[in-house]
Every structure is written in C-alpha cells, then in structure tokens.
Amino acid sequence: MFNVKSNFSRNLLLTDDDIGDDHIMTSLETPLRPDAFDLSDEEKMDKIEHHFREIMLTMGLDLDDDSLRGTPKRVAKMYIQEIFSGLNPNNKPKVALFDNKYGYYEMLVEKDITFYSNCEHHFVPIVGKAHVAYISNGSVIGLSKLNRIVQYFAKRPQVQERLTMQIAQELCRILGTDDVAIVIDAHHLCVSSRGVQDVNSSTITAYYGGQFMKESRKTEFLQYLSLPPSAQVAEVLQTKKQG
Ligand SMILES: [Zn+2]
C-alpha cells in the first residue's frame, strides 16, 4: 500500500525547476541525507545562523541595525526548534494506545486540526486544516495524539500529498489497521503570494484506506466534515469565555 516509488527523478523531461514550480513530490519519504543527524541541534543552529546572515548580507541588509541584528539567530532557532522540528525522529510524539473498552467500533473523526507547514520548493508557509478518521480494530488513541501526529509531519519542508500520506502511514502503523482516512485542505503561500498570485485557491488531498475505500464509509466521513455544529460549539465556548 505504501510502496509508492516514483521515477520522477529519472524522467529526463522534467527539470528541477519544473518539479519545484509544479510542486511535484518525488518520494513518500522526506528526502534526508544519511548524515542528517550527525550534527547536534546546537551545531545546526550555529551553522544556519552563519549562513542566514550571509543571505541577508548578500541582499544588502545592514546587520548592524538593531532590528536585524538578532534575525539570523532567531531564524536558526525557529528552523530547528519549531517549524522544521518534525525532521528529527526524536521529536516524534510518543503515542500510547488504550484498549477499546467501551466497544466503540464506528468511525472516530477528528476534524479541523489547524496546521502550519512549509512548502519544500519555496520555503514559504502552507496553512491548512487536516481532518483525520479511523475505525478502531481494538485499540484507541488519545485525541490530542492525532493532533500531535499531524503537527509532527507538518513541521517539515513539505509537499501536501506527502504530508497526507505520511500522516496516514503513521496512523496505520500505530493503530495496526488500514481503516484510516485523511482529508487536508490547505492554502499555499507560494501560490497566493508569488507566481500566479491566486489568493483564493486551496488544495485538497485525501487518503482512504481499508473500510474507507467503501463508498458508504467515505460518504459518511465526508458528511461529518460538512456538518456545521462545531461552529455552534465554538460560539458557545466563545460566549462562555467572554462571560
Ligand atoms: Zn511552493
């Protein structure tokens, strides 16, 4: 199921620019070098700080300015500790499963998980919502862990198709079932702020495994996604907060 091996890189008709500009993904795994974790996080931050300073200087920015002086260090810290922290397997969320003691064997849907990722072709944000569902085959997972798994894979230079598949693959592995579905709806800032500059378009990707390949299950899942009551609940919570 997850042995997607493409031959894009061997396709001589595509240049690196074609692949990047059209946001084509070349593999399911994030392309990492064998020595990806030889350096410590501190060593990586030092290197990135140095190189980012060079980029800023090359663009003609005055690093002696109070406002800019700390930027290279801040960017380095943000890259390693925050927005790309999902590259390091040490940061993968530890997930404990529980027995399905209440015998709930319908689908569980966790919808509207907001995530921030970055396009690996332009290093600008992808902002979106992930909707995740699974049907227990005996084990259940804490709801917050579904959220954390989405965030972990989002915190990498990404391509939306790969993000979708990586979350699906991880959930199938953890839960020991193929009965997993994901829908991701996201805005790519590289599409809205540069290139074609389309601010209104969003990109939707989906994964349906096991029982979710059945039309009835898929329809049920998609109907839950279009249900409006979560907005009403949010309104109630908001009113409570204000009161
Ligand atoms: Zn892009």
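Which residue in β7 is the bridge partner of Asp 185? I looked it up: Ile 204. My numbering starts from 1 along each chain as its sequence is written. This is a predicted model, in which I take local features only at pLDDT of at least 70 and side-chain atom pairs only at pLDDT 80 or more, while totals for chains, interfaces and linings use all residues.

**Confidence**

I checked pLDDT, the predictor's confidence in each residue, from 0 to 100. The chain has a mean of 90, and 89% of its residues reach 70 or more. Over residues 3–12 the pLDDT is below 50, and this stretch has eight contacts in the model beyond near neighbours in sequence. I count a contact when two C-beta atoms, placed from the backbone, lie within 7 Å. Where pLDDT is low, the predicted coordinates should not be read in detail.

**Overview**

I find nine helices and seven strands in the chain. Helices (H or I, at least four residues) and strands (E, at least two) are DSSP runs, numbered from the N terminus. Of the 243 residues, 23% count as buried. Buried means 20 or more other C-beta atoms within 10 Å of the residue's own, exposed means 12 or fewer, and partly exposed lies in between; C-beta atoms are placed from the backbone. Among contacts between residues at least 6 apart in sequence, 68% join residues at least 24 apart.

**The sheet**

I traced an open sheet of five strands, ordered β5-β2-β3-β6-β7, with mixed pairing. β5 (157–158) and β7 stand at the edges with a single partner strand each, so one side of each has no neighbour in the sheet. Two strands pair if DSSP finds at least two bridges between them.

I then followed β6. Seven of the nine residues of β6 (residues 180–188) are buried, so this strand is largely enclosed by the rest of the structure. With β3 (residues 125–135), β6 pairs in the antiparallel sense over nine bridges. Ala 133 stands opposite Ala 181 there, and Tyr 134 stands opposite Val 180. With β7 (residues 203–208), β6 pairs in the antiparallel sense over six bridges.

Next I looked at α5. It lies across β2, β3 and β5, at about 25 degrees to β2. Axes are lines fitted to C-alpha atoms, for helices over the stretch in contact, and angles run from 0 to 180 degrees between N-to-C directions.

**The cores**

A nonpolar core is a set of buried Ala, Val, Leu, Ile, Met, Phe, Trp, Tyr and Cys residues joined through C-beta atoms within 7 Å. The largest has 31 residues, of which Ala 130, Val 132, Val 150, Ile 167, Val 180 and Ile 182 touch the most other members. β2 (107–119), β3, α5 (143–154), α6 and β6 each give two or more residues to this core. A second, separate core of five residues includes Met 45, Ala 76, Tyr 79 and Ile 80.

**Two helices**

I compared spans with expectation, 1.5 Å times one less than the number of residues. α6 (residues 160–175) has 16 residues and reaches 22 Å from first C-alpha to last, close to the 22 Å expected. Its buried residues include Leu 163, Ile 167 and Leu 171. Just after α6, Gly 176 takes a positive phi of about 60 degrees.

In α4, Pro 72, Ala 76, Tyr 79 and Ile 80 are buried. The buried residues of α4 pack against α2 (41–58).
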